[in-house]
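I opened this entry to get my bearings.

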Amino acid sequence: MKDVYKETLPVCDICKKEDAIYDAPYAHGPWAFQCSGCMTDHVPTSIGFKLVKGEEPVMSDTDRIAGIHEAMNKWDMDTLMELVGDGDITEYI
Ligand SMILES: [Zn+2]
């Protein structure tokens, strides 16, 4: 489940009380913002996003380059594209 960073967390669509920490399909309907309590009713946990309050941590160039090289060695194109982002892959190899 991929982390999504938000300045403020939305309120849970199910109980309307707690801060939601997931944006994922709900067992009894479409996608919903869900708190940890309401998430137990939800089917596959691999689908959706985990909501994290705050700013996304900035990855250092050293970590990014190491990650890119590892992804290339494993032919892991999804990770590779995520690490390169809008950048130019030739800057990292
Ligand atoms: Zn809830």
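**Notebook: a helix and a sheet**

I started just past helix α2. W75 follows α2, and the phi of W75 is positive, near 55°. I kept in mind that this is a predicted model.

Next I checked the length of α2 itself. This helix covers residues 61–73, which makes 13 residues. At 1.5 Å a residue, α2 should span 18 Å. I looked up its end C-alpha atoms and found them 18 Å apart, so the two values agree.

Then I turned to the sheet. I noted 4 strands in an open sheet, ordered β1-β4-β2-β3, with mixed pairing. Which strands stand at the edges? They are β1 (2–6) and β3 (31–34). Each has a single partner strand, so one side of each is left without a neighbour in the sheet. On average, neighbouring strands here are turned by 25° against each other, direction ignored.

I stayed with β1. Its pairing with β4 (residues 49–53) is parallel and runs over 5 bridges.

Last, I asked how many of the 5 residues of β1 are buried. The count is 0, and I wrote β1 down as hardly covered.

Note on methods
Residues numbered from 1 in each chain as written. Predicted model: local features only at pLDDT ≥ 70, side-chain atom pairs only at ≥ 80, totals over all residues. Pairing = 2+ DSSP bridges. Helix = DSSP H or I, 4+ residues; strand = E, 2+ residues; numbered from the N terminus. Axes fitted to C-alpha atoms, helices over the stretch in contact; angles between N-to-C directions. Expected span 1.5 Å × (residues − 1). Buried ≥ 20, exposed ≤ 12 C-beta atoms within 10 Å, placed from the backbone.
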